[in-house]
Amino acid sequence: MRRLGLSQKVFLVFSSLTLLTFVVAIIVFIGFRGIKYNNASMLLLENLQQNIHGLTHRHPQQPDADRQAFTTELSQTRELARAISQRDMQLEPKLLRRLESVNSQLGYYRDAWLAVLEKHQTARDWAPQATPPPVELQQRLDGGDESQAQALLTRLLGLRSQVYLSHDLELIAQMRQIQQQLQGPAARLPGLQTFVEQILLLTEQGYLNHLAILERERFLADTLNGLLQTTRETIQAISQSNDANSQRLIWQINGLLLGYVLLSLFLWR
């Protein structure tokens with residue numbers, strides 16, 4: 001086999017070096033472009049995570065809860081979720097589906113939050129002090145010989161206040177017993193039976209309203225926890241992908257350099 005001349009060897013070495021430089025440049029460009037894209041995705045996810053954390057401080061049970069501020073903040077969060085769902089991220093299918101559902105879950109969260117806000121307002125409207133006995137009924141109780149009826153009614157209203165604060169179902173059963181005891185006085189006192197029935201109805205509705213609040217508040221907490229878990233897992237998955245891409249890039253460059261060295265040694269043997 002004819003040996004290569006010096007000029008040919010020099011040409012092959014420098015040609016190989018040029019080709020190597022070109023290939024390394026392409027590999028580095030593609031690799032870092034992917035890492036930069038992933039970093040931008042992680043930044044959006046971190047912003048989404050911060051917005052979701054912010055929603056945990058919006059409490060619909062507070063009397064001064066700001067509906068407009070909440071809806072504005074939620075709309076901004078949903079815009080971020082939509083932007084993230086449109087990005088091309090190499091994730092496991094299950095995690096990708098969870099990430100794509102964030103926007104719709106935020107919509108359900110909004111509806112539940114507004115429902116809880118309304119129900120808390122309803123609970124305040126149904127507060128015991130909001131429904132005192134009618135003036136005429138109170139005058140009849142004060143002016144006649146109805147001390148027993150007045151004591152029973154006072155006990156009934158006291159139980160209603162306890163139910164409003166403790167949400168104890170057994171207390172409602174005690175109120176029903178007092179209602180039975182008031183049937184006699186109710187025949188002599190116009191308006192008493194209607195008022196007692198109204199108090200019992202409001203108390204039972206208030207109790208059911210409380211159960212509905214608890215159910216929706218659990219949904220709100222579970223939804224935010226699930227969304228935060230999704231963002232954490234996605235950030236972690238992208239970070240691991242970046243580490244793997246960086247490691248692969250290093251191995252590719254080292255492999256090309258090793259190939260160049262071996263080729264040079266072969267040519268100059």
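Which residue forms a salt bridge with Glu204? The views below start with that pair, and the model they show is predicted.

**View 1. A salt bridge joins Glu204 and Arg176.** The partner of Glu204 is Arg176, and their closest N and O atoms are 2.7 Å apart. Glu204 belongs to helix α9 (residues 192-267), while Arg176 belongs to helix α7 (residues 169-181), so the pair ties together parts that are 28 residues apart in sequence. Glu204 is partly exposed, at 26% relative accessibility. Arg176 is partly exposed too, at 35%. Side chains of opposite charge can pair when their charged atoms come close.

**View 2. Helix α7 has a buried side and exposed residues on the other side.** Five names to find here are Leu171, Ile172, Met175, Ile178 and Gln179, the buried residues of α7. They lie on the same side of α7, because they cover an arc of only 110° around the axis. Turn to the other side of α7, and Glu170 and Gln177 are exposed. Now look at the start of α7. There, a side-chain oxygen of Asp168 comes to within 3.0 Å of the backbone nitrogen of Glu170.

**View 3. Glu73 and Arg58 form a salt bridge.** Their side chains meet with an N to O distance of 2.9 Å. Glu73 sits in helix α2 (residues 67-85), and Arg58 sits in the loop between α1 (6-55) and α2, so this pair ties together parts that are 15 residues apart in sequence. Arg58 is partly exposed, at 29% relative accessibility.

**View 4. Arg82 and Glu79 pair within helix α2.** The closest N and O atoms of this salt bridge are 2.5 Å apart. An α-helix has 3.6 residues a turn, so residues three or four places apart point the same way. Arg82 is partly exposed, at 30% relative accessibility. Glu79 is also partly exposed, with a relative accessible area of 46%. The model has 6 salt bridges in total.

**View 5. Five residues make a nonpolar surface patch.** The members are Leu19, Phe22, Ile26, Phe29 and Ile30. Together they make a patch of about 550 Å². One of them, Ile30, lies in helix α1. Ile30 counts as exposed because its relative accessible area is 55%, over the 50% cut-off.

**View 6. Thr231 is a buried residue of helix α9.** Where does the side chain of Thr231 reach? It goes to the backbone oxygen of Leu228, at 2.8 Å. Thr231 has a relative accessible area of 0%, so this residue is buried. Leaving aside neighbours within four places in sequence, Thr231 is in contact with Leu48, Gln49 and Ile52.

**View 7. Thr223 is also found in helix α9.** Is Thr223 buried or exposed? Thr223 is buried, with a relative accessible area of 7%. Which residues does Thr223 contact, leaving aside its neighbours within four places in sequence? Gln105 and Tyr109 are in contact with Thr223.

Methods:
Residues are numbered from 1 along each chain as its sequence is written. This is a predicted model: local features need pLDDT of at least 70, side-chain atom pairs count only at pLDDT 80 or more; totals for chains, interfaces and linings use all residues. Side-chain values use heavy atoms; hydrogens and water are left out. A salt bridge is a side-chain nitrogen of Lys or Arg within 4 Å of a carboxyl oxygen of Asp or Glu. Helices (H or I, at least four residues) and strands (E, at least two) are DSSP runs, numbered from the N terminus. Buried means under 20% relative accessible area, exposed over 50%, partly exposed in between (1.4 Å probe, protein chains only). Patches are made of residues with over 30% relative accessible area and no salt bridge: like charges are joined within 9 Å, nonpolar side chains (Val, Leu, Ile, Met, Phe, Trp, Tyr) within 5 Å. Accessible areas come from the Shrake-Rupley method with a 1.4 Å probe; for residues, only the protein chains shown count as cover. A polar contact is a pair of N or O atoms within 3.5 Å; within protein, one must be able to donate a hydrogen and the other to accept it, and residues adjacent in sequence count only if both atoms are side-chain atoms. Contact means heavy atoms within 4.5 Å. The arc is that of the directions from the helix axis to the C-beta atoms.
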